[in-house]
Amino acid sequence: MANILTVEGLETQFKTQDGTVHAVNGVSFVLKEGETLGIVGESGCGKSVTMMSMMRLIPMPPGKVVAGLALFQGRDLLSMSDAEVRSVRGSQITFIFQDPMTSFNPVLTIGRQLAEPAEIHLNMTKKQAYDRAAEMLALVGIPKPKDRLDDFPHQFSGGMRQRAMIAMSLVCTPQILIADEPTTALDVTIQAQIVELVKGLRDKLGMAIIWITHDLGIIAGLADRVGVMYAGYIIEEAAVKDLYREPAHPYTIGLLGSLPRLDETSNRRLTSIDGLPPVLMAKPTYCPFAPRCRYAYERCWKENPALVTIDTNHRTACWIDTKTGRPR
Amino acid sequence: MATYIIRRLFWLIPVLLVVSGVTFTLMHMAPGGPWDRDPSARQVDPNTQRMLNDYYGLDKPLWRQYMAYVIGDTNSKGEFICGVVCGNLGPSYRMRGLTVQQILFKPPSGKTIWESRFGYSMRLGFMALSFAILVGLPVGIISALKQNTVFDYVSLLIATIGVSVPNFVIAIIFIVIFSSWLHWVPIVPRSWADTTAWLMPGLILGFGTLSRIARLTRASMLEVMRQDYVRTARAKGLAERLVIVRHMLRNSLIPVVTVLGPALAFLVTGSFIIEQMFGFPGMGRQYVTAISQRDYSMIMGTTLFFAILVALANLTVDIVYVFLDPRIRLND
Ligand SMILES: Nc1ncnc2c1ncn2[C@@H]1O[C@H](COP(=O)(O)OP(=O)(O)OP(=O)(O)O)[C@@H](O)[C@H]1O
Ligand SMILES: [Mg+2]
């Protein structure tokens with residue numbers, strides 16, 4: 001499968017009163033056609049900023065993409081004109097966001113908001129665009145879609161709003177769907193429904209997906225490949241099976257350790273990673289995870305490890321071989 | 001909604017009772033009365049005074065006077081004269097032969113109601129309000145869109161002055177600049193038939209409200225700009241103009257509408273001072289005169305009228321709210 005998106009060396013900073021926040025520090029990844037890539041990591045590690053930077057959606061100022069490439073179908077999203085990037089947004093690359101309550105405009109009807117992408121990207125008339133909107137609502141399983149077009153977002157339940165959000169992102173049949181923690185704000189049964197819905201739609205429409213989450217459990221059943229982010233870096237990247245079977249980075253091991261397992265037989269205690277993620281006020285000169293890492297040795301405090309291949313399709317950024325517990 | 005409006009209108013009754021009661025009490029607590037004159041005027045001999053008091057019922061106990069004003073009472077000839085409940089605001093104590101209604105609403109013969117004191121004040125108020133909205137809103141919006149630029153700083157500075165400096169001080173500054181130095185407009189206009197004469201009092205009266213609107217619009221735009229749904233709109237690929245017009249403006253207007261009710265009250269009180277300063281022939285100046293002359297019925301009548309005006313303005317705001325924000329339902 002061909003690469004549809006290649007991100008290389010993406011760096012984003014925010015100038016704030018307290019100094020520069022190094023939110024993303026050189027993130028590289030590829031996304032293949034029709035593939036689902038999971039991105040996991042603790043809150044504040046730069047998952048959203050990475051995606052927003054790529055689509056040039058971070059507020060500038062204070063934000064700035066200081067380096068990097070984001071090649072979509074061979075064209076760099078970061079250097080194309082505003083009009084060009086707008087024509088990609090919402091049509092070929094679309095988003096669903098975390099909080100379906102606040103992500104819809106409260107004073108416009110669902111129909112109005114769903115019709116917008118069709119009007120601007122597919123040059124549909126208002127009538128056609130509303131028909132398209134109803135069609136999409138039906139696709140995501142909202143009953144009597146035509147009658148719901150005139151509803152306002154507050155008249156939808158949380159789960160329905162997120163369905164509507166998904167419908168809106170699919171209006172122009174995108175090649176890439178970026179889902180930024182789409183289930184975090186929903187309760188557990190609805191979460192599962194939304195995940196199943198997206199899976200079904202992916203199989204039907206064949207788009208590639210980047211699914212951002214804190215929840216390794218969701219990723220396991222959904223993604224082909226996973227990238228683990230920490231402090232603005234991708235610190236491990238692997239096929240989903242490999243990552244769960246043989247996590248290589250101490251941080252990933254920690255994350256998986258804090259995940260309850262259904263097939264658990266013994267009464268293993270859930271572990272969590274001690275310490276807090278680093279403050280990103282300076283680009284770290286050593287491994288950003290070292291302060292929380294039980295394997296950390298001298299070198300970890302001196303040099304920041306780069307992402308290296310340790311197996312087919314398995315890359316990690318760590319000076320230690322966690323299997324042996326010795327330096328690589 | 002109709003039920004809601006009717007209920008709100010019924011609520012006006014207790015409000016007006018309280019307003020009139022308080023005004024009545026304060027008015028009678030203030031020293032002096034309608035027949036006490038300034039030293040330059042002729043004295044009224046005690047006999048005449050007694051006759052006048054008797055005629056106007058001022059010798060009766062206060063509660064009875066209040067009842068007479070609100071509901072009505074029998075006069076010296078034994079006829080029942082209905083009070084405010086019948087829409088009768090009573091005769092003025094100082095402008096002989098004229099009722100309060102006539103003073104407030106009756107235009108000079110052959111003219112429309114817009115030439116009455118009420119008409120003059122309404123036109124001035126309307127001018128001030130439109131000026132405040134038509135300038136305040138765009139300035140607030142542009143300041144927010146161009147946050148931290150020179151335009152933003154300058155307009156924020158001016159608006160801050162506008163909300164914190166009382167309008168009579170603003171008036172003096174305006175008069176000094178535009179009349180004394182630049183000679184653009186006369187200090188006291190010769191005729192109010194000339195529209196340019198209205199500019200100064202209109203602008204000054206609207207300036208405070210303009211500043212409030214501008215500051216609030218700016219703050220509310222900045223708030224809206226950070227909202228998730230604006231990010232969603234951009235992520236859909238909407239052009240910036242459409243993001244602003246369709247997704248930001250209406251949301252940012254919602255809090256601004258809230259101040260329009262109080263803004264009208266502010267315009268009303270502002271008009272007392274500004275009309276007085278410019279010798280403007282409106283209700284505000286008449287009100288100030290009535291107070292200094294202890295023209296009891298004029299004070300009561302005008303106060304009630306202003307109270308109704310403000311109450312209706314607030315009701316209008318609540319109704320406009322419903323149209324701006326679909327989440328709001330007026331519960332009947
Ligand atoms: N507008 C901004 N100004 C300053 N700093 C920002 C801004 N937006 C994001 N950041 C910083 O960038 C870093 C990464 O934020 P980001 O939103 O990408 O985290 P995240 O991984 O998506 O977290 P979460 O799981 O909570 O969504 C954070 O430290 C955050 O404080
Ligand atoms: Mg995020």
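Predicted model: local features only at pLDDT ≥ 70, side-chain atom pairs only at ≥ 80, totals over all residues.
Trainee: Where do I start with chain B, and which secondary structure does it have?

Mentor: Start by counting elements. Chain B has twelve helices and two strands. For overall dimensions, take the C-alpha trace of chain B along its principal axes, where the spans are about 85 × 55 × 40 Å.

Trainee: How do I read a pair of helices, and at what angle do α7(B) and α10(B) cross?

Mentor: Look at the axes, then at the residues between them. Helix α7 of chain B covers residues 167–181. Its axis and that of α10(B) come within 10 Å, crossing at roughly 35 degrees. The crossing is right-handed.

Trainee: Which residues of α7(B) and α10(B) meet?

Mentor: From α7(B) they are N167(B), F168(B), A171(B), I172(B) and I175(B). Their partners in α10(B) are G270(B), I273(B), I274(B), M277(B) and F278(B). Sorted by class, this contact holds eight nonpolar residues, two polar ones and no charged ones.

Trainee: Now the two chains. How many residues does each chain bring to the contact?

Mentor: Count each side separately. Chain A brings 26 residues and chain B brings 19. Then consider area: the two chains bury about 2000 Å² between them, with 61% of it on carbon and sulfur atoms.

Trainee: What polar links are counted between chain B and chain A?

Mentor: There are twelve residue pairs in polar contact, counting pairs with both residues at pLDDT 80 or more. On the chain B side, α9 (228–235) and α10 (240–278) each supply at least two of the residues that touch chain A. The most comes from α9(B), with six residues. The chain B side as a whole divides into seven nonpolar, four polar and eight charged residues.

Trainee: How many salt bridges join chain B and chain A?

Mentor: Two. One salt bridge pairs E116(A) with R246(B), and the closest N and O atoms there are 2.5 Å apart.

Trainee: How many salt bridges are there over all chains?

Mentor: The structure holds 22. For a case within chain A, take R225(A) and E35(A), whose side chains meet in a salt bridge at 2.6 Å, N to O. Check the sequence positions too: these residues are 190 apart, and the pair links distant parts of the chain. R225(A) lies in strand β9 (residues 225–230), while E35(A) lies in the loop between β2 (19–32) and β3 (36–40).

Notes: Residues numbered from 1 in each chain as written. Chains lettered and ligands numbered in written order. Heavy atoms only, no water. Contact = heavy atoms within 4.5 Å. Buried area = accessible area lost by both parts, 1.4 Å probe. Salt bridge = Lys/Arg side-chain N within 4 Å of Asp/Glu carboxyl O. Polar contact = N/O pair within 3.5 Å; in protein donor to acceptor, adjacent residues only side chain to side chain. Helix = DSSP H or I, 4+ residues; strand = E, 2+ residues; numbered from the N terminus. Nonpolar A, V, L, I, M, F, W, Y, C, P; charged D, E, K, R; others polar. Axes fitted to C-alpha atoms, helices over the stretch in contact; angles between N-to-C directions. Left-handed = near helix turned anticlockwise from the far one by under 90°.
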